[in-house]
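Reader: Before I use any of the labels for this model, I would like to go through the definitions behind them.

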Amino acid sequence: MKHTFTALFLLLLAAPAALAQSVGVGTNTPDPSAALDVKSSSQGLLTPRLTAAQRGAISNPAKGLLVYQTDGTPGYYYFSGSNWVNLTTNAAPDAAGNLPLPLTYATSTTLAGSSQGFVDGPVATAKFDNPTGITVDARGVVYVSDTDNHAIRLISPAGIVSTLAGNGSAGNVDATGAAARFSSPVGIAVDAQGTVYVADQNNHKIRMITPGGVVSTLAGTGTAGAADGPAASAQFSSPSGVAVAPDGTVYVADKGNHKIRQIRNGQVTTLAGTGTAGRVDGAPGTAQFNQPTGIALDGGGTLYIADQGSFTVRILRGGQVATLAGSGLNGDLDGPAGSARFRSPTGVAVDARGNVYVADMLNQKIRLISPDGQVSTFAGSGGAGATNGTGPQITFYLPFSVAVDARGTVYVAEDGTFILRRIGGPYYELPTASSVPTLSVSGQTLSLSGSNSVTLPAGADNLGNHTATTTVRLNNNWLSNDGGNEGVRIANNGNVGIGTATPLRKLDVNGTVRQSVFSNPLTLNAGVNGHFTWFHNMGYKPTLMISVDQSGGGGGEFISVSYDNIDNNSTDIWVRNAQGSGQATFTLRWIVVD
């Protein structure tokens, strides 16, 4: 017993000296730079093994604390000082310890641009100067705010760059094409009719461009301010983002005023924001933003806002402002939306599946917020550059805005380069020549490569005359409802009949015709005339067939309609509220019949 006590006493005396030196396990010469040096050719180092719940229950974890998580998404996790983060992916787990599912990354390409300049033509030789705004329409035409060229450019699906309006010189002029002037245009949006809306930042205006290139001021005086009211007297302060709804309502990220504004029926109103910079969710009248820069609208009417100064992505839905993603802390962290971090979110877009894409400018990345509330890096390594590749191989230089088309293809405009990028979507890769199906006919058999075939009945002249015994569709459009009733008939002379077997005109309809596209609504007081101006740019004065829908104040007897062809490119369509009292709201449909 005496010897045992002596040995323990000596060990305790030696402990302070050992603590001051490197400790070696399996070696007599531990590396002096290491507090603990473990060497083995047959064994490993076993760290504490905890469940996600046990890991989360650690009180006041030290920065750098390392554990191995055994459930959820197993692996090594360390405490970053504010969050537990996976050692391999640098993503934060959810409450159950699960990491976000990995994306199927697509490959980026240069959509257009070669170097700094102002040159139209093929995409490979065209030139831009810090393009910062981008959007795409249903036809695949890409619209670009070419900021330092003070111009709006187009990229056709055929790969040709052209200038819709502006000529490279800054100014504030409403005119057509090259005669118009902008001053650092940024945000851009396009509606279903091809009308383009531009946040003309340094002119403190929202501009509108017809498909023919006619530029006008939709709202704003040209002087910075925050006044609501009629569009001509309303004011903005460095508007940076713009979105347009199907009914023609225009939404503006009014960056300098820290507000979200709305332009509707010629009136500008504040939709949300107090005008004081902050990050407050809740009712629109008390909510606060901090430099809202990008804005997007989904099919359900939800607005998505890239709130640059608060390092978050916000939403405006059902009359309430909420934070969709971002803790409010500056950083670069994937994971659950509430703890994720952004460094400078400036652009936002949303696809048909509810995926939200964010241009995280100072992180040099495009981030993705999934519908289940997980933030991940869609593209970008975090380093500055202009390298194409796949997912994290891609480098950007100040990606400022982002757009997404119906197929999930993502488009990126960068403030620090002179090129535009295109990235195939995470759920829809761009088709290759080998993946495009081919249609072939052999005798009576019609075949689609990689799919099914159909054999026509005997005696039918291939795709000619045979009786349909079931519904017939072409590109999902019905041609006939059954085998006996007349659907659509195309005669040998080219006449088309709907509901008739003997069309006598190029289009012969046996029934009623309804034009489903409305004008914006127009509300008139009793006894007041009003008009809709249609800029059709046809080059002649068309004859119109007009129908009117009216609500408020009673029935259709309060409507009278006429129209005047002002010139070869515009028509005024007049209505009158002929009732004795009360307002009536009108919307129009019209068809060119000449």
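**Labels and their criteria**

Author: The accessible surface of the chain comes to about 29,000 Å², of which 53% belongs to carbon and sulfur atoms, the areas being taken from the Shrake-Rupley method with a 1.4 Å probe, where for residues only the protein chains shown count as cover. This is a predicted model, in which local features need pLDDT of at least 70 and side-chain atom pairs count only at pLDDT 80 or more, while totals for chains, interfaces and linings use all residues. Residues are numbered from 1 along each chain as its sequence is written, and side-chain values use heavy atoms, with hydrogens and water left out.

Reader: Why are strand 26 and strand 27 called edge strands?

Author: The open, antiparallel sheet has five strands in the order 26-30-29-28-27. Strand 26 (335-336) and strand 27 (345-350) each pair on one side only.

Reader: What makes a set of residues the largest nonpolar core?

Author: A nonpolar core consists of buried (under 20% relative accessible area) Ala, Val, Leu, Ile, Met, Phe, Trp, Tyr and Cys residues joined through side-chain atoms within 4.5 Å. The largest has 15 residues, and Phe342, Val348, Val356, Ile369 and Val375 have the most contacts inside it.

How values were computed: Pairing = 2+ DSSP bridges. Helix = DSSP H or I, 4+ residues; strand = E, 2+ residues; numbered from the N terminus. Buried < 20%, exposed > 50% of the residue type's maximum accessible area, 1.4 Å probe, protein only.
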